[in-house]
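The sequence and structure come first, followed by the points grouped by topic.

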Amino acid sequence: MPVYVADTRNFLRKLTRRRLLNAVKVLFSYYYTRITRKPVQWGLPFTVSIEPTTSCNLRCPECPSGLRAFSRPTGMLQKDFFRATVNELSDTLIYLYFYFQGEPYLNPDFLDMVQYASKKGIYTVTSTNAHYLTPQNARRTVESGLDRIIISIDGATQETYQQYRVGGKLEKVLQGAQNLVQCKKELKSATPHIIFQFLVVRPNEHEIEAVYQIARQTGVDEVKLKTAQVYDYEHGNPLIPTIDKYSRYKQEPDGTYRVKNKLLNHCWKLWHSCVITWDGKIVPCCFDKDAQHQLGNLQQQSFTQIWHSAPYYRFRSALLKSRKEIDICANCSEGTKVWT
């Protein structure tokens, strides 16, 4: 069976009647909002990102974890808190993404939490730099029931890879991927669906084809190319690709750069998803890396209370009025991502 078909079938098996009904409610409330320009929210999010940790072993230049640049507290997601959160959301939650900032495998309870969510029938995903996919961890990953794993591979040679993944070893990434592929074969498991994600920046854009070749040799299921968010882009940045379709930014006649996205005054993410930090803060999306727009705290309120709260209403209202005036939206890639 082709890997894409297997992954799709696996995902569809997670769609219970209650989850589908909730997703339909969310979808209708989003389009009703767009028509009326009033922030109506029916149902609960069917996609949630939760942060296993803010810690990371690498020093990537455009990442707060890598730069050690957080103003918010750093720490590890606790297993009991995670279970309580999943218990509240499991009836309506379809897709659980174990990532926000940091390297998930640094949390010693990470795979136990994946297994807990998997047993609830939730489609589970994580993103990793693959430096901790030892044979033992690879086996535990397959056994945990993880449905999809995204491995960051931003270069086909060590020289290129280390320009963005500072402190990383491409050899470890490839060995980790191979360990995972081998464990899937040994355990006769169709999961996790393994993706090589290539973040296209100027130093590595010449190695795109080489990454596809490495993926075939390694035996991973898929390669995805992703555009890169750059913080200081207005006057150019050495990370902005020269290949236009892989850039989130467009050069103006005066030499400055702007975000390609027109920033229309609506955003699907504010209706179907959210992000939960390791310590329980709810933030609108993954662009709020420092949790500056906290909409509630699960240590103090239930998720349902927060999702339908006044702070969420005000944030959605502000977005409908003028999205470009919200700082985390100013560099947003919605509508400019390239997945191939």
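The structure holds 14 salt bridges, a salt bridge being a side-chain nitrogen of Lys or Arg within 4 Å of a carboxyl oxygen of Asp or Glu. The model is predicted: local features need pLDDT of at least 70, side-chain atom pairs count only at pLDDT 80 or more, and totals for chains, interfaces and linings use all residues. Residues are numbered from 1 along each chain as its sequence is written, and side-chain values use heavy atoms, with hydrogens and water left out.

**Lys14 and Asp147**
- Lys14 forms a salt bridge with Asp147, with the closest N and O atoms 3.5 Å apart.
- The pair ties together parts that are 133 residues apart in sequence.
- Lys14 is buried at 12% relative accessibility, where buried means under 20% relative accessible area (1.4 Å probe, protein chains only).
- Asp147 is likewise buried, with a relative accessible area of 2%.

**Arg72 and Glu51**
- The side chains of Arg72 and Glu51 meet in a salt bridge at 2.7 Å, N to O.
- This pair joins parts that are 21 residues apart in sequence.
- Arg72 counts as buried at 7% relative accessibility, and Glu51 counts as buried at 0%.

**Other salt bridges**
- Asp279 and Lys281 form a salt bridge at 2.5 Å, N to O.
- Asp279 is buried at 14% relative accessible area, and Lys281 is buried at 12%.
- A network of salt bridges links Lys79, Asp109, Asp112 and Arg140.

Technical notes. Helices (H or I, at least four residues) and strands (E, at least two) are DSSP runs, numbered from the N terminus. Buried means under 20% relative accessible area, exposed over 50%, partly exposed in between (1.4 Å probe, protein chains only).
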